[in-house]
Amino acid sequence: MTSYQSDLLRLLETRGYIHQLTDAEGLDALAAKQVVPGYIGFDPTAPSLHVGHLVSIMMLRQLQKAGHKPIVLMGGGTGKIGDPSFKDEARKLLTTESIAENVGSIKRVFERFLTFGDGPTDAIMLDNAEWLDRLEYIPFLRDIGQHFSVNRMLSFDSVKMRLDREQSLSFLEFNYMILQAYDFLELSRRSECRLQMGGSDQWGNIVNGVELARRVDGTQVFGLTTPLLTNADGTKMGKTVGGAVWLNEDQLSSYDYWQFWRNTADADVANRLRLFTDLPMDEVDRLAALQGAEINEAKKILANEATALCRGTDAATMAAQTARKTFEEGASGANLPTVSIGTDGLNIVQGTTALGFAASNKEVRRKLAEGAIKVNGAVVSDPAMTLKVGDKVSFGAKKHGLVTD
């Protein structure tokens, strides 16, 4: 482990957030002597962020806890293009109205994790549409474009992957990395931002921004990326049968959010406790050392802590109580996810899919044939079975929902 002098880098390294640094010694020295404003960008491609964004959000939280200033950058401008990094195809282009609605919806979650205000270490939220929407094409090409080598841009893994697979990469997407670099330059000028953080897939984009600030303004800024977050079995964290694990309550119930963390594999518990909770490291180490059935207690603590951060303490408590009633006491639990029976009625296939327990009707039918779906504790095999108000639908051993009117 590297011997850092700043509280910031010691904290980030101890908890496992550091993968790459553009200049570790320089950032360490700066963070040891002054408040460092640091930013992460979030493109509003959906009404909610998901757990794949949570490492970045937690890193901003750790930045603030270490006495520095988080900058949350909403991608109202870059969201009109979409980041092509490690994507197989171009994102669907969103309308300006959709982007504005998504930005408004996404903003709410950050207030759970960060303290906003006017103080030196209070978080601020900006939107890159403020400067990107005003750019003039010819001046931008002349002043900024001259600092980018197409040869070098083609060498980045995020671009090479698309080209090697002979998948189309539009000129629109190709410009994304230039705009992200320009964001860093603007934030350096506007807010004295000296650090950009992000996932390992953002390394090339971040390096571009570091070099642009040096070439245009002669300012030294820094970049830091986190490791690619995967489960112990190598799969991508946050991908579930029912889809993305959303951070907003209106996209995913607090009970389902709690259950996601409770269902963490034994081998991933230590890593998740380090990255997604505020528990002291000695407590993390104690919980991670638990064996056998005791590891389930560590998973419940992980679920409680992670849910409390994102949804609030009350939501975490209610979700834990619902889980206990459902699994330990056999009761229905009032906080389970629900599906409305509607005016046209609902069969077991429609209800199970609507609850988000399966990705398709086809999968539900397969699970019915396997005897993996129950209604009120009884195995169901008939896909035409009609649900009624008050029915409790169980998908496997861990997913339960209620039918409402």
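**A walk through the chain**

Guide: Of the 405 residues of the protein chain, 49% count as buried, where buried means under 20% relative accessible area, exposed over 50% and partly exposed in between, with a 1.4 Å probe and protein chains only. This is a predicted model, in which local features need pLDDT of at least 70, side-chain atom pairs count only at pLDDT 80 or more, and totals for chains, interfaces and linings use all residues. Residues are numbered from 1 along each chain as its sequence is written, and side-chain values use heavy atoms, with hydrogens and water left out.

Visitor: What radius of gyration does the protein chain have, and what would a compact globule have?

Guide: The radius is taken over C-alpha atoms, and the globule rule is 2.2 Å times the number of residues to the power 0.38. With 405 residues, that rule gives a value near 22 Å for a compact globule, and the protein chain agrees with it, having 23 Å.

Visitor: How many helices and strands does the protein chain have?

Guide: Both are DSSP runs numbered from the N terminus, helices being H or I with at least four residues and strands being E with at least two. Counted in this way, the protein chain has 18 helices and 13 strands.

Visitor: Which strands pair with E6, and in which sense?

Guide: Two strands pair if DSSP finds at least two bridges between them. Strand E1, residues 20–21, is joined to E6 over 2 bridges in the antiparallel sense, with leucine 224 of E6 as the bridge partner of leucine 21. On the parallel side of the account, 5 bridges link E6 to strand E5, residues 195–199.

Visitor: Through which helix does the chain cross from E5 to E6, and what is the hand of the crossover?

Guide: A crossover is right-handed if, with the strands pointing away from the viewer, the path from the first strand over the helix to the second runs clockwise. The β-α-β path from E5 to E6 passes through helix H11, residues 203–217, and its hand is right-handed.

Visitor: Are the residues of strand E6 buried or exposed?

Guide: Phe222, Leu224 and Thr226 point one way from E6, whereas Gly223 and Thr225 point the other way. The strand, residues 222–226, is mostly covered, and 5 of its 5 residues are buried.

Visitor: What span should H11 have, and how far apart are its end C-alpha atoms?

Guide: The expected span of a helix is 1.5 Å times one less than its number of residues. For the 15 residues of H11 this gives 21 Å, and the end C-alpha atoms agree, being apart by 21 Å.

Visitor: What covers the buried residues of H11?

Guide: Those buried residues include Gly204, Ile206, Val207 and Leu212. Taking contact as heavy atoms within 4.5 Å, the cover includes helix H7 (150–155), helix H10 (176–191), E5 and E6.

Visitor: Which strands are the edges of the open sheet of 5 strands?

Guide: The order in this sheet is E9-E13-E12-E10-E11, with mixed pairing. Each edge strand pairs on one side only, and these edges are strand E9 (338–340) and strand E11 (378–379).

Visitor: Which glycine lies in the turn between E12 and E13?

Guide: Strand E12, residues 392–395, runs antiparallel to E13 and is joined to it by 4 bridges, with lysine 392 opposite leucine 402. The two strands form a hairpin with 3 residues between them, and the residue in the turn with a positive phi of about 70 degrees is glycine 396.
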